[in-house]
Amino acid sequence: MTYVVVENCIKCKYMDCVEVCPVDCFYEGENMLVIHPDECIDCGVCEPECPAEAIKPDTEPGLETWMSLNAEYAKSWPNISVKKEGPADAKEHDGKPGKMAFFSANAGEGD
Ligand code: SF4
Ligand code: F3S
């Protein structure tokens, strides 16, 4: 089992999650983060910390797309363990449907 970052992180990218992860297993893309499934110790601490409710346990049904996306991009995006300033318009995008259309495969800057 692992925890997974899902669609609502896109363009919200609040980064509260990185501050609490005991094993620093978040990786940064241009407009969202992912969790490395082999590094996550399933502690669950990050799930309630995300203001966008964008972190789910992989035991929830229907997360296959996001499990693959987290696993794939955790290999190439840089590690992030320190919260930075997020997008100024994060609140406008919180909860909007169809955010996958805005997914960017570009890497973030990391710590
Ligand atoms: Fe990190 Fe725990 Fe969240 Fe996994 S469940 S990403 S180990 S805080
Ligand atoms: Fe994304 Fe939530 Fe973390 S919006 S960056 S998973 S705090």
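The shell around ligand 1 consists of eleven nonpolar residues, one polar residue and no charged residue, where Ala, Val, Leu, Ile, Met, Phe, Trp, Tyr, Cys and Pro count as nonpolar, Asp, Glu, Lys and Arg as charged, and the others, Gly among them, as polar. Its members are Tyr-3, Cys-21, Pro-22, Val-23, Cys-25, Phe-26, Ile-35, Cys-40, Ile-41, Cys-43, Gly-44 and Cys-46; a residue belongs here if one of its heavy atoms lies within 4 Å of the ligand. The model is predicted, with local features needing pLDDT of at least 70 and side-chain atom pairs pLDDT 80 or more, while totals for chains, interfaces and linings use all residues. Residues are numbered from 1 along each chain as its sequence is written, chains are lettered from A and ligands numbered from 1 in the order in which they are written, and side-chain values use heavy atoms, without hydrogens and water.

Around ligand 2 the shell has nine nonpolar, no polar and two charged residues. Among them are Cys-9, Lys-13, Asp-16, Cys-17, Cys-50 and Ile-55.

The chain has three helices and four strands, in the order β-α-β-β-β-α-α along the sequence. These are DSSP runs numbered from the N terminus: helices are H or I with at least four residues, strands E with at least two. The radius of gyration, taken over C-alpha atoms, is 12 Å, close to the 13 Å that the globule rule gives for 111 residues, so the chain is as compact as a globular protein of that length. That rule is 2.2 Å times the number of residues to the power 0.38.

Of the 111 residues, 45% are buried, meaning under 20% relative accessible area, with exposed over 50% and partly exposed in between (1.4 Å probe, protein chains only). The largest nonpolar core has 34 residues, of which Phe-26, Met-32, Val-34, Ile-35 and Ile-55 touch the most other members. Such a core joins buried Ala, Val, Leu, Ile, Met, Phe, Trp, Tyr and Cys residues through side-chain atoms within 4.5 Å. Elements giving it two or more residues include strand S1 (3-5) and helix H2 (64-73). Leaving aside residues up to four places away in sequence, Ile-55 touches Tyr-3, Phe-26, Ile-35 and Cys-50, among others; contact means heavy atoms within 4.5 Å.

Two loop residues remain. Most residues other than glycine have a negative phi. Lys-11, in the loop between S1 and H1, has a positive phi near 70° and is partly exposed at 24% relative accessibility. Asp-42 has a positive phi near 60°, lies in the loop between S3 and strand S4 (55-57), and is partly exposed at 30%.
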